[in-house]
Structures are given as C-alpha cells and as structure tokens.
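Here is a friendly walk through one protein model, written for someone who likes cut-offs stated plainly. Have a look at the structure first, and then read on.

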Amino acid sequence: MPVPTSVSTRSDHRKGVGLGLALLSALAFGGSGVAAKPLIEAGLDPLHVVWLRVAGAALVMLPLAVRHRGLLRRRPGLLAGFGLFAVAGVQACYFAALSRIPVGVALLVEYLAPALVLGWVRFVQRRPVTRAAAVGVVLAVGGLACVVEVWAGLGFDALGLLLALGAACCQVGYFVLSDQGSDGDEVPDPLGVIAYGLLIGAAVLTAVARPWSMDWSVLTGSAEMNGTPVAAAVLLGWIVFVATVVAYVTGVVSVRRLSPQVAGVVACLEAVIATVLAWVLLGEHLSAPQIVGGAVVLTGAFIAQSSAPSKGTGTPVAAGGPERELSVPGTTA
C-alpha cells in the first residue's frame, strides 16, 4: 500500500529538521574546547572552567529538573552515572587535557570510547562481538597511533594523552551503568536526565574544584584566541549557553527525529568541527598523518559502535559525541 504523499512529506520534513538540529548540536559541542582553551591559558584552572560550564548550565536547566523530579525516585542509578561520568568525569578530564595537548587530539583520543566498550563486552562480559566490530576497534587504535605520532616517541604531552584517555574511560563507565535507562516500560525523559546529570555533576565538581579559590578577575578581562583578544565573559557565555545547553537540547530533539544510527554519524562530525575550529581560531595545525589518522579513528569508532552485538534495540536517552555521549546503548551491561 503506497504511503500518502502528505505523510511522506511530513516524514521528510521531520528528518530534515532533525538533521539540521544534529548538525547544530555537533557544531555547538565542537566549539566547547576552542572557547575553553583561551580561558585556561588566561589563568583559569581547567577544573574551574569545567565547574563554570556545568554549574551555569545546571542553573539554566533547573526548571526541567523540577519538572522531572520523579526521576530521582525511579532512576537514581542512571542519574548518578550520568552526573559522575558523562558530566563531571568526561568534561574534567577533557578540559584538563586541553591545557596540555591540542583540542583535536584530545577529542580524537576520546573517540576510543566505542572501541573500549567493545573490549568490555568481549573480555568482561564474555559476549561475542562481530568481525566488523573487531575491525572497527583495530582501525580506531591504528588511527590513534597516527594521531599521537607514536613513531616520534609520543610527540605530545604524556599526561595530556592520559587525561584524554581518562575522559574516554569515564564515557565507557557511563555506558556500562546506563543500560538500566532502557529497562522497563517507562523510559526516562532525556531532558530530565540531562538536567539532573548537570546538577549532580555540578555538586561533585564543587567539592573537587573548590570554586571559591578561583581567580574571578580573569572573567572580567579578556583572553587571547590566537593573538586576538576576546572578552572572557563572552567565551564563558558560549561555553554555558551554546556549547552545553543548546548543544544538549538540540542533540536530544535530533535523536527523536532521526534514527540513533544517523544521529551517531552526524555526531562524529564533532571531532572534525573541533579540529577545524582549533586550526582556524587557535592556530593548532595537525600534520597530514594526524589528519589521516583522525579520519581512521572516526571510521573505526563508528564501525565499532554500530556493529556491536545488542541484547535489545536500546533506547537513546540523548545524542552525543565522545565528550558528552548520553545514549543508552543496548550493547552494555
């Protein structure tokens, strides 16, 4: 039976809007590191920048937390996992890595997370993985070797690389804990999960970052972006409102209009966008082997993520790239 033209047109429009929102989300998230690095170089501690980002976004999303307060009773484990790992852990490690290595390199290292999830599935859960998934892992690891230029004896700061890897591991930790989000008949509202995750992350980061010791005067001055002075308050506003609130919300809405697979492909553009923005705005140039390696990392990450065995269809909580992945994959424990 043919699909009515009006229905087909609405479906195409829905997908077109979803694709546009997914691209906007990738662009917004991709710009977070480019805006944060000048603040760090201006004198703010990476943890303080993370705290400002998370606490500011948590205040903006507070009305949604009140609206979905029932989640505290129904999904405490999911909220805790998102707050501790996907918010506090991932972003703290990522921003700390930015203070030592280029933005593009830090983000590409995080794209090992899907491959690490496959390792958890195969060696901890002892579940089989497909040949395509194994190929994806090999590609991701091989591409990463090019990104960090192993033939040059790791030309980048070793601690910076470890911090970026820590961000990937925090993302895996959230994946492992968050599968409960797709259990049962009532799937939690993704905006509620984001709101409470930001609140929990802000609380954790407050204890760790101790913002009362921050040099607040930095925010009243300017920071240099590749030699060009930019008001620190403008950079902070971008990080809070655009790179966090707008990015998360558009990511959620896009996943509801697109399939998780399509949204995942678009999310991979975040690393590309971040690398290009860092190149143009911060002057962080990558060599030809690093560019090729980055493309291989993204290809391998996508194959590993999309080819993993699933115990169910899995329900997306939200869309996201490595530094803020919020999906609840059916491939985790």
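A223 has V230 as its bridge partner in β2. Strand β2 covers residues 228-231 and runs antiparallel to β1, with 4 bridges joining the two; strands count as paired if DSSP finds at least two bridges between them. The hairpin of β1 and β2 has 2 residues between the strands, and N226 takes a positive phi near 55° there.

A word on the source: this is a predicted model, in which local features need pLDDT of at least 70 and side-chain atom pairs count only at pLDDT 80 or more, while totals for chains, interfaces and linings use all residues. Residues are numbered from 1 along each chain as its sequence is written, and side-chain values use heavy atoms, with hydrogens and water left out.

Now for the whole chain. The protein chain holds 14 helices and 2 strands, where helices (H or I, at least four residues) and strands (E, at least two) are DSSP runs numbered from the N terminus. Of its 333 residues, 52% are buried; buried means under 20% relative accessible area, exposed means over 50%, and partly exposed is in between (1.4 Å probe, protein chains only). Take the contacts (heavy atoms within 4.5 Å) between residues at least 6 apart in sequence: 85% of them join residues at least 24 apart. The chain exposes about 14,100 Å², and carbon and sulfur atoms supply 67% of that area, by the Shrake-Rupley method with a 1.4 Å probe and, for residues, only the protein chains shown as cover.

How many aromatic pairs does a search of the whole structure find? The search gives 3. Rings of Phe, Tyr and Trp (its six-membered ring) pair if their centres lie within 6.5 Å, with planes under 30 degrees apart called stacked, over 60 edge-to-face and the rest tilted. One of the pairs is F29 with Y248, which is edge-to-face at 5.0 Å centre to centre and 80° between the planes. F29 lies in helix α1 (residues 5-30) and Y248 in helix α11 (residues 232-257), so this pair ties together parts that are 219 residues apart in sequence. W51 and W216 also pair: their ring centres are 6.3 Å apart and their planes stand at 90°, so this pair is edge-to-face. Here W51 belongs to helix α3 (residues 46-67) and W216 to the loop between α10 (190-209) and β1 (222-225), so parts 165 residues apart in sequence are tied together.

How covered are some of the side chains discussed in this report?

| Residue | Relative accessible area | Class |
|---|---|---|
| F29 | 1% | buried |
| Y248 | 1% | buried |
| W51 | 16% | buried |
| W216 | 43% | partly exposed |
| H48 | 8% | buried |
| L281 | 32% | partly exposed |

H48 lies in helix α3. Leaving aside neighbours within four places in sequence, H48 is in contact with A209, R210, P211, S213 and M214.

L281 is found in helix α13.
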